[in-house]
Every structure is written in structure tokens, then in C-alpha cells.
Amino acid sequence: MKRNMVHMFRRASALLLTLSLAVGTVGASIGSYVTQDGLELSDTAHLLQGRAYNDGVPGKYQSEQLVEYRPESGLRPIVAYGNTLYGRSDVAYVESWLKGQGFTATAGINGSFFTMANGVPIGCVITNGIVRSSDNRNSVGFRADGTAVIGTPGLELRVTFPNGTTAPVHYNKTLSAPNGLVLYSRDFDAETRSTLPSYNLVLAPDTISITPGNTVSATVTDIVEDGKSCAIPAGGMVLSLTDESPYESANTAIRAAKPGDKLSISCSISPAWSDVAYACGGDEMLVMDGKAQTEFNLDSAKSRAARTAVGLKADGTLVLYAIDGRQSGYSAGLTLPELAERLAELGCVTALNLDGGGSTIFSARRPGESALSTLNRPSDGDPRKCANFIFLARETVPAGEAAQLHIYPYNAAMLTGARLTLTLRATDAAWQPVPAPDGLTYTAEGGTVSADGVLTAGAAGTATVTVQAPNGSQGVRGVRVTDSPSAITLATAEGALTSLSCAPGQTVDLNASATYFGYRLIAQDDCFTWTASEGIGDIDANGVFTAAASSASSSGTITCTAGTAKVELPVKVGAVAPEGSAIHGFEAGEVQAEGGPGLTLSQVQDAAHVRYGMSSLKVQYDLSQGGETAGHRQLQAALPLTLPPNTDTVGLWVYGDNSNNSLSLQLAGGELNFKWLGQLNFSGWKYLTAALPAGTTAVTGFSITEYEDASAASGTVWLDQLIAARGPLSDTTPPNLSVETAGGVLHISVSNEPNGVGWATLSVDGNQQELDLSSGQCSLPLPDDGLAHQVRVEAADRCGNLSARTLEIPGTLNNPFSDTESHWSRDYVSYCARQGIMKGSSDGQWGQVYRPDAAMSRQEFAVALIRFLGVDPDAYADVTLPWADADRVEPWALNAMKAAYSLGYLTGSKSGGALYGQPSASVSRQEAVTILGRTQARGYQAASLEGFSDRGQIGSWAETHVASMVSQGILAGSHGRLDPTGSLTRGQVAKILYFLY
């Protein structure tokens, strides 16, 4: 294929990169560049970060990161994993470990594929010239001078037994039947961690270091048999043979060895790898002899995903490469053929695929920083713990004086006329961070720069800033400038706008943002041109709009332009519909109210006394301990909350106690310091509202005051969901949520008038992520592995009302139970079994059975519930159950019952003055729904139960939960009946848990 990549950077000096902001052809593998940012990490390492537009991939964009490194002995590639091969570590931990070894990392990517369960690498590992783990699959190796080799290392270890038998041996790998014979050292762990019965020779070697070309002699000191994991002595080794090993000669030879016998371990490697100091295994070759490979065996080869790779150019330049994936609107990722093509486009003549997907991590220590920073966006959300990492690192030396100056940000793009405050950092000759010198002088071309480093962009092109120090050190930075963004969006402090409704005379501060094919441009509001159509009001050069004062309704358009880009905002001036949002939900992590004498405050999760979310504020008061205000006894609590701009009304959900006392809010900033909310002449939940005095800026607390006709001086109320609004807002309507699939893509849209969407989450097989629904909709790729999946989307409006939808994604689903094959619940049961939520039992005649039509007991339900929630039941082993029948809980369910009780989900019932858990009793439908309801946030709409003929059988304690589950579609009933007191079968439980997962 013709190599058509054009770097959009040209060096003007060692530290100047002229940056580009233009769509340019890159290649079929990735698309067309929107931006590419470069940064010198050292004299021989150069960082490139690119963002490309590709109309042929989901979400339209690709985002890649790479380092090009020219070999030198100061900064060189090394492989590191921490102290032991067993177990996984994140990149920050391994970087810290390297510091302890006297190395400073400059860049790093993840390395070997590995076993997820234990982190043991698949492939060889060599560090400091010593073999740590063996394998002969494709690998990358690094020499002490920084040069690299990619291919099969020809690495082999062989053991020669005392009887002369020689056999190949795996080194520091997981013991399995195919592996058969494995040698272990303390590099692996303190023990062999075998899960299979094994026969073990404990060895005392003459050296603990296995190096290519050498032979280690070892004496048998002990024999450990008929066990699994075997301890590895310090300075020693263990040779393990699984009882299931197919290697008969090795089996005979190892069992013939006796304490005192000597055996030898030899290690050989290909000549091209003989001087390799560091190495790690990879997978398939991407590029060979300059040609991109097209056929791959990896099961995900044809799927677009995050990928990591390492390549070599003809001149020996090393390329460390990563591309993010499966993040719509940011980066779709590459297939393996596309990855191979991309590495060839970059000039690699040889390239190797490394572990990818959620393992893909790309880190760099930008000059002047003290530690690595993660530059990509891992598809797991957080950096995954991996088996090992490839770093560019140098030995740490004492810091010297500033030799280079670095201007940040290095990846900025500006709109003409925009202002950017630059940051300066400094490094010494070894690129270590040092304080910036005094007496700096800034100059600029293509713009102006102030003495303190504020750049004002000039005409479209490149603004070049130079900073000079008295000692001769300097820094140069090119900043992209454009006068024509591809898109402009408008917002206020409350969020993005697609239209604007204003009261007559109202002032609204509009903020404009500009992007260039998804890349955010630095700009201030006065960089844009603002106009308002006649009759609706006036708008100034900073986007501050003042609506016409006339009481007559009017409509028109606000137009914001920059170059050829334009956005038009429909505007209506007149009576405005109330709108607002919750500013305090009395949830964990929020500012807590403070009481005092006579006023006891506590956060509670009792579902009966929570209106929204998971918590409310319980207020126990005794007015006999209060002071007097205007002749009435009063208690005050502090709760400092700043109100959003334009708030003129507040609302608060209150669970009253029918005491006839009154509740007020304490205020700041206005003409009054309190506002009466209402009289507590009701019981149950009620929404109280109050108009605020002009100028009110904050709520400072609340008070309870004795009222003239109060029936009690003490009582208890609950407070939840404080709403700040413009106008008398009362919103209990859930957002409109639509979830559909088409062509392997999930399409989600949420709308809510007038308050907008507060948050939304997507859960695929229980793995949850936040959704960006600022535009009201988004599209995400579905898993394409051919397996069945469950997708659940939940959304909340700004007042806390909730909606949810669950979709079944068809696909392969293994059924492990013989008695569900033709049962209606088969797929729900099979899915819950796959996810580890439900289990069956063994039947001698029929194998594994589930008993789908059997009633589920309360203790079985507790076990399923705790698995469903992902709670570790053993963490609650020390909990004491208060039930009189606690001794009847089966041992297999005991900790789950303790967890369910401790978390408030399973409470028990009273009988004859005692509390009973009834572990073996069948769980009723209303009991199960109530228990599950206690695990959910409150805020789902309560459906009417009028259509069910047996609604009168629903217990008062279960009614709200039943109504909520009906509204979510989890509970539908049959033939107009809910059968609330009937037993719930195991098949029905699987279906309910499936739709809530």
C-alpha cells in the first residue's frame, strides 16, 4: 500500500513543533487527521497524539497515542512488573516500584497478554538479563544500548534429572495438565499457587538467576507430594509436576529423584536475542518485512477495540503505540488488520500485537512533571491492572540547573482573538523536572504575548511563542489558530441550550464553545459575533442577552458566528414555565446538616422514609429545649447551601408528623433571613414550596417553630430532596427514556421538560458506566462476541425522578441445567447462572438441576440477592443475627443472611414478642419485591394498582415497592392479579433479577 501519512509537525528547533489543525489524509486504517499534537519527551523520544475523523466507524472518531524512540543508552526501553509475576499491578504502582530501583520512567505502555484470574504473563519475561518467565511465542526484546528485536526468541529451558532424562520445562507459569512440568522461583511468588494436585521437588540452586546460555545446578532438598500449592524457599526453587501431566518420562524421572540428588537446568536462546536485557511476550506479528499482515487467529481480531502494539522502523526507531476503542464519539478502535496497516503506515518494518482492550494504557511523563500521566482513556474507565509494562526509563541522577524550558499546554488550539494563559516548566540536561529560572522573557509571532505569559491569538495559522531565560535556556511552542470552527454550541451556567425561554426583562449570560471536528477550541465569548433578531431584546459583545421588557410575548433568534460557523438559538420572551433541579438530596457525601440541643439529626436509608435516592434526613425535635423567637419556641439547624442564579422558589419534600408545628428555611442574601415553608399538619410525604425574597443567594439551614394550635412539642419528621427553581416547580414525572438497537448499535434518547436530564447510566451485564446525554441522545456499539447480553439503562431528571429500560441482546447462552431446557425461564436462569447469581444442585440421574418451579426459600433468596448485588458475604461473618430462629439458617446461607440483615434489606418479622427470620419459609412475591426495592434508589413513579383485583392483599409495608416495580415493568401480574402473598418460584426470581441486573 502506498504510504500516504503526512506528519503535521515540522521541527523549527529541538523544542518547537509547528502544529496543524486541518483535516488531512492519513490512511484507510484510521481516517483523516483533525489534529495531531507532538511533544519532545527527551532528546530521543517524541510523543505524538492524534485525533482522526472516520465516517466509516461507530462514533466517527479515532484517538491514538504513540512514542517514537531513537536508541540511546541513557534513556532505554525496559520491562517491569513489580516484585512478583503472580498478581496484577497498575502502571502507577510499577512506576513507583521502578523509582525504588533507581529508574525514572519517561513513557510506558502495557505489555504481555496474561491470565485474568492471576496476572501470570503469557509469553516470556526477561529483566536485567535474567529470565523471569519462559515461552517462545512472539516477543519484543531490548538491549542495554536501547536497540530492540521483535520475533520468536527461541527461548527454551530444559531440566536434566539425576537418571539422565532430559525434558523441556516451563518456568514460572501456572501449573496445568498441558504445561505438565513447571519450574518456580521466588520471581513467581512465595508459593507455586497451584490449584491442581502436584508432585514437587524443592531445590537449592547454585544460583537463583537463570540466564540464556548458562546452566544452573540444583540439589534436591525436599519432596512435597499429594498437595497443591507448594512453598518456594527464599533463594530456592520448586520443580512441580501435576498429577494429570501427560509426560510419562518426566513423571518417572521426577519421582525417582531423592533428597541430595542433583539436577541441572539449561537455558538457550536464539543468537539475535543473546544480549537482550529486557523482554516480554506478545501475540501475533502485525508487520513482517514491511508488509502489514491480514490474517490473524485472535478471537477478537475482526472487532474494533482498544489496541496496543510495538514496532520497529528500518532505521531502528522504536514505536510504542496505543489506540483507544469502543468509546463512541471519542475513539472506535481498530481491528487487527487495521492495526497492522496503521503500524505499516507509521513506517514499521516489524510490529507485534500486545495485550489490548481494557488493558490498553499509554502513559508519559511530560517534561517538567514528576510522574507519569495516563494520556489515553482506558475503555474500562480506570487503568487496568496488568501483568507487566514496557517503559522508556533512565537511571535517576541528581537534578541540575534548567537546560530546557517547556511551554504548556502543548496540545492547544485557539480561535482567532482568544486568550490563553501559558504555563512554564523546566528540566535539566537529563530531562528531570527543576524549578524554572527567574527573569524570563516572552515573545510571539502570529499573536501577542504578555510579560506574564498570556497569549492572544492572531490570524489563522500558527502562533509561535518563545520564552528565554538569562542562562540561555529557552522554550518554543507552536499553538494552532483558526478563524472557522466546524461547530459552535451555546450554554448557560446550568447546561447546554437548544432553545431559550425568558421572562420580560430577564438577563441571561450565554457562553459559546467552538470545536473543530470534535476538538475543543480555546475561545472567550468576545471572540464570537452575537446578534439578536428585532423585538426580542439586546445582546452585547460578550453574549449577555437582556430580554425585551415588554409584557407582550415575542419570539426570535440569537445568532452566534465565528468565521463560516454559525449557530442559531430559538428564543421566546414571555411567561416562563417553572424549571429547576435538586441541590441537596441528603445523600452520603453531601454537606451534612448540624443540629443542637433539642434537635437530633441523622441520615437514614429506611425506604419508607426516603422520597428520592437512597437517604433522607431524620429530624427528631423537642421544642421544650428550644429558645424563643417572637414569643414562640424554636429549634434551628445549620445547612449551608448556595442557590443557583435566578432561583426564586424552593421546594422540599417533607414527611410530616401531624404535630401542627411549622417548618421554615433560614436564608441569606435577601431581605429576610427565614421563609415559612408550611405547617406540619399532615402525615406522610408532602411537597412544600415557598417563593424567595429578591436577592436571596443561599439557604443556611432550617427551623422548627411551635405553632399556636400545635398538638405536641416533640416529634419526628423526615426531609428529602431540596429543589431550587425558577417559578413554583412541582415535578414528579419521570423522564421519557427510549432504548433501541439497530445494526449492532444501542441508541439511547432521554427527554424531560422543562428540567432536563440529571444523569444516565448504562449497564451491560452488570458493568455500569456513566452516559453523556447532554445532547439528549447517544449511540454506543453493542458487544459483538456473539454471546447473549443484558442491557439496562437508568436515567434521572434534575428533580430525581427515575426511569429505566432493560433490553435482551440475543446470542449464545449456555444452559447448564437439565431441567430448564424446555422451561419458560430457561434463558433467564442460564443468564443468571453465567453471571454467578444463581446456582443449581447436583442430581445423580440428571446432572445439574435448577428446580425452576420450586418455591424459593428466604435464605435461598438472600444468597441470590447478595450475589446479585456483588456483596462479599464473608465480610459480614461477625454480624450477630437478632432472630430467635437464627440457628435454623443453613451454613451455606448464613453469611449471606447476615449481610442482607446488616444492610437493611432483610429485617425479619415479629411474632409473640420475638423477631424471626424464617430462613426456610418460602419468600412471597411482595416480600421479594420489598427486599429488592430496598436496594433501589427511590424516585421511580408509583404505578396505579387499581387494575389488580387482589390489590387489597398487599401489605402496607410493601405497597410502594410493588407499585414501583409495576411501573418499571418488573412485576406485571397475571390475569389481573398480582398474587402478592403467593410464593415466588426459582424461575420467577431469575427473571426478576435478570431485568434488574
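Are helices α5 and α9 roughly parallel or roughly antiparallel to each other? In this predicted model, the axes of α5 (residues 858-869) and α9 cross at roughly 20°. Angles under 35 degrees count as roughly parallel, so α5 and α9 fall on the roughly parallel side. The two axes come within 12 Å, and the crossing is right-handed. As for who touches whom, α5 brings Glu860, Phe861, Ala864 and Phe868 to the meeting, while α9 brings Arg986, Val989, Leu993 and Leu996.

The model holds 18 aromatic pairs. Take Tyr831 and Tyr997: the ring centres sit 6.2 Å apart and the planes make an angle of 75°, which is over the 60 degrees needed, so this pair is edge-to-face. The pair ties together distant parts of the chain, with Tyr831 in helix α4 (residues 826-834) and Tyr997 in the segment after α9 (986-996), 166 residues apart. Both Tyr831 and Tyr997 are buried.

Buried or exposed, then, for Tyr994? Tyr994 has a relative accessibility of 5%, so it counts as buried. Phe995, at 17%, counts as buried too, because the cut-off is 20%.

Arg51 lies over the face of Tyr61, 4.2 Å from the ring centre. A second case is Arg425, which lies over the face of Tyr408 at 4.4 Å from the ring centre.

Ser581 belongs to strand β53 (residues 579-584). With a relative accessibility of 14%, Ser581 counts as buried, because that value is under the 20% limit. Which residues does Ser581 contact, once its neighbours within four places in sequence are left aside? The list runs to Leu722, Ile723, Ala724, Arg798 and Cys799.

Terms used: Residues are numbered from 1 along each chain as its sequence is written. This is a predicted model: local features need pLDDT of at least 70, side-chain atom pairs count only at pLDDT 80 or more; totals for chains, interfaces and linings use all residues. Side-chain values use heavy atoms; hydrogens and water are left out. Rings of Phe, Tyr and Trp (its six-membered ring) pair if their centres lie within 6.5 Å; planes under 30 degrees apart count as stacked, over 60 as edge-to-face and the rest as tilted. Helices (H or I, at least four residues) and strands (E, at least two) are DSSP runs, numbered from the N terminus. Buried means under 20% relative accessible area, exposed over 50%, partly exposed in between (1.4 Å probe, protein chains only). A charge sits over a ring if NZ of Lys or CZ of Arg is within 6 Å of the ring centre and within 35 degrees of the ring normal. Axes are lines fitted to C-alpha atoms, for helices over the stretch in contact, and angles run from 0 to 180 degrees between N-to-C directions. Angles under 35 degrees count as roughly parallel, over 145 as roughly antiparallel, 65 to 115 as roughly perpendicular and the rest as oblique. A crossing is left-handed if the near helix is turned anticlockwise from the far one by less than a right angle, and right-handed if clockwise. Contact means heavy atoms within 4.5 Å.
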